[in-house]
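Subject: Structure for your review

Dear colleague,

Please find the structure below, together with its sequence. My notes on what was found in it follow.

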Amino acid sequence: MKGMAKIGVLVLTIAFLFLFPQFAGAFPVLFLTEIIIFSLFAMSFNLLFGYTGLLSFGHAAFFGLGGYAMALLAQHYHISMIPSLFISMVVAGASAAIIGFFCIRRDEIYFAMLTLGFGMMVFTLVHQWRSLTGGSDGITGFEVPVLDLMVKKFQLFSPWSFYYFALVVCLIFTLFLWMVIHSPFGLILRSMRENAERVSFIGIDIKFYRWIAFIIAGLVAGVAGGLFAMYDRMASPSMVHWTMSAKPVLMTILGGSRVFFGPVLGALIFYLLEHTITQYTQSWMIFLGAILIPIVIFFPEGVLGTLISWGKRFMKGAGHGG
Amino acid sequence: MEDKVILSIENLSKAFGKFYAIKKVSLQVSKGEITALIGPNGAGKTTFYNVVTGKYKPTSGRILFMGREITNLPAHKIARLGLGRSFQITNIFLENTVEENILAALVSYHRKGLSLFKGMNRYKDLLEEAHSILEMLGLKDKAQETAKNLAYGDKRLVEIGIAMAVHPKMIMLDEPTAGMTPEETERMVSMIQTLFQETGITFFLTEHDMKVVFSIAHRIFVLHQGSLLAQGTPEEIRNNPKVKEAYLGGSLDA
């Protein structure tokens, strides 16, 4: 019964996502593309935060490096979409392997500080290395690579075609994360979140497992970053800035870190709020803060987490009543 | 004779700054027995556990497990060699289900931890093994409960279950009955005896309840101010004047 309800909501959501562009104009389609990309970015962050118990303040490093890799490839090499995206993912994953190697040596606040520090180093590197990255101007003026599916080639210029491409890629990587979380590896991650010391006493090298989780999170963030650079037609230092690292944190806390789709709902709420509030004022962060504070205080499980708890309680109540 | 020894401690010391929590302790644990380590509060029992199982590095001395030196190995490697432990403070995975608590240990033992894409629920053999462990512990009906919702005594059993699930050759229990009601203590003691008889695993435990110690231990070591004060059978320990003095009389007859 519970499983059926979940599957029903999931099928309806995916159906809606596929049908949406059929009756929506360019702006809503672009808007939703960005939400979908950031949902994936936030979910990759949550593999570390919600499932492994590691709070990263530097996740934008991998999002940004994926984006820069993608933009550089598009500017200089003109290879097609899927290989470009794959290389962006590998670049982000390799960077995560190096940075993660140091960060996973500590946990809790020390881990958070290490990721923040590395994130700032990556930002400085990207910002200063003008000849490669264009400095504060970033990389622009490239063409979106062609999507070559062997049997047919697709141009991804229009918001609609890019939307579908981004949607399919994000769904594939969402499935990938879902499988990782529900695997034996995922169980070990969740056990480490609960009690890392105990996990080492059952014979697990916790640093190695954290490192693998860090790399996976980096790979997926790289894909999201690659998509975002194509969506934005630009890779800029803002993609690796620490404020970009804050976005998946905020989205995940808004939506709920203990629920798989929490970060997705968080991303949706984040963008809807931003869109609504910026129509009235430029300082929308004040309002975001004012909304976040009561959520953290009264609904620490996040919006989706709280809704699911209520749903469970309601079902239990109904069960007792009947 | 040598083969009977599973754990051999040689001149083990652990200092925190200038304070020696463990001072030149040498002892040997025999395979297939229940050995107890007792001593007044602050005698260094938990430090002894933490040094032997790799949480702390010893200041000096050697630790041999099944003839192999484990002195400076990290905790996860010692656990892999078959030396399991449980904790004095309940140390389980509270937000996970009871079944998942046991499964995590089984995943580690069966080396499935790096399986990234096959769903946990498709490992029927591991699920079955988890259920048989939970059945042995009398927790089968609570398999799907979140661990934090269990009663205290049940949480302690989950703790033992995690330690047992990694198929240890020897298991070190740190005050398995700490904080328990008399009924819970009785249940835990009979559980330890059942597990010992059914699995033949070497048990090593610390315990403050002397009644428990004298009823289940084959051999007892007494730790006092970081040093080994006495060793022997329960009968010998009961009649040892030095031990009586260390406990200020009385409590040994409890």
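I begin with the strands of chain B. In strand S4 of chain B, Ser60(B) is the bridge partner of Ser13(B). The partner strand is S1(B), residues 5–16, which pairs with S4(B), residues 60–65, in the antiparallel sense over five bridges. Helices (H or I, at least four residues) and strands (E, at least two) are DSSP runs, numbered from the N terminus, and two strands pair if DSSP finds at least two bridges between them.

Before going further, please note that this is a predicted model, in which local features need pLDDT of at least 70 and side-chain atom pairs count only at pLDDT 80 or more, while totals for chains, interfaces and linings use all residues. Residues are numbered from 1 along each chain as its sequence is written, and chains are lettered from A and ligands numbered from 1 in the order in which they are written.

The sheet of chain B

Four strands of chain B make an open sheet in the order S2-S1-S4-S5, with antiparallel pairing. Strands S2 and S5 of chain B are at the edges, each pairing on one side only.

S1(B) and S2(B), residues 19–30, pair in the antiparallel sense over eight bridges. Within that pair, Val5(B) stands opposite Ser30(B). These strands form a hairpin with two residues between them, where Gly17(B) has a positive phi near 65 degrees. On S4(B), Leu64(B) stands opposite Ser8(B), and the bridge partner of Leu64(B) in S5(B) is Glu69(B). S4(B) and S5(B), residues 68–69, pair in the antiparallel sense over two bridges. Their hairpin also has two residues between the strands, and Met66(B) in the turn shows a positive phi of about 50 degrees.

Helix H1 of chain B, residues 45–52, lies across S1, S2 and S4 of chain B and runs at about 70 degrees to S2(B). Such angles run from 0 to 180 degrees between N-to-C directions, and axes are lines fitted to C-alpha atoms, for helices over the stretch in contact. Two residues are in contact if their C-beta atoms, placed from the backbone, lie within 7 Å.

Lys24(B), although not a glycine, has a positive phi of about 45 degrees. Lys24(B) belongs to strand S2 of chain B and counts as partly exposed because it has 14 C-beta neighbours inside 10 Å. Glu175(B) is also a residue other than glycine with a positive phi, near 45 degrees. Glu175(B) is placed in the loop between strand S7 (170–174) and helix H6 (182–199) of chain B, and is buried, with 21 other C-beta atoms within 10 Å. A residue is buried if 20 or more other C-beta atoms lie within 10 Å of its own, exposed if 12 or fewer, and partly exposed in between, with C-beta atoms placed from the backbone.

The helices of chain A

The axes of H3(A), residues 60–76, and H4(A), residues 81–103, come within 8 Å and cross at roughly 140 degrees. By class, this contact has 14 nonpolar, four polar and no charged residues. Ala, Val, Leu, Ile, Met, Phe, Trp, Tyr, Cys and Pro count as nonpolar, Asp, Glu, Lys and Arg as charged, and the others, Gly among them, as polar.

Asn46(A) is located in helix H2 of chain A, residues 26–52, and is buried, with 31 other C-beta atoms within 10 Å. Leaving aside residues up to four places away in sequence, Asn46(A) touches Tyr51(A), Thr252(A), Ser257(A), Gly262(A) and Pro263(A). Gly262(A) and Pro263(A) are among the buried residues of helix H11 of chain A, as are Phe270(A) and Ile269(A).

The interface

How many residues of chain A are in contact with chain B? There are 20, and they are in contact with 31 residues of chain B. Helices H7 (159–181) and H8 (184–200) of chain A each supply at least two residues of the side of chain A that touches chain B. H8(A) gives the most to that side, with ten residues. By class, that side of chain A has ten nonpolar, six polar and four charged residues.

With kind regards
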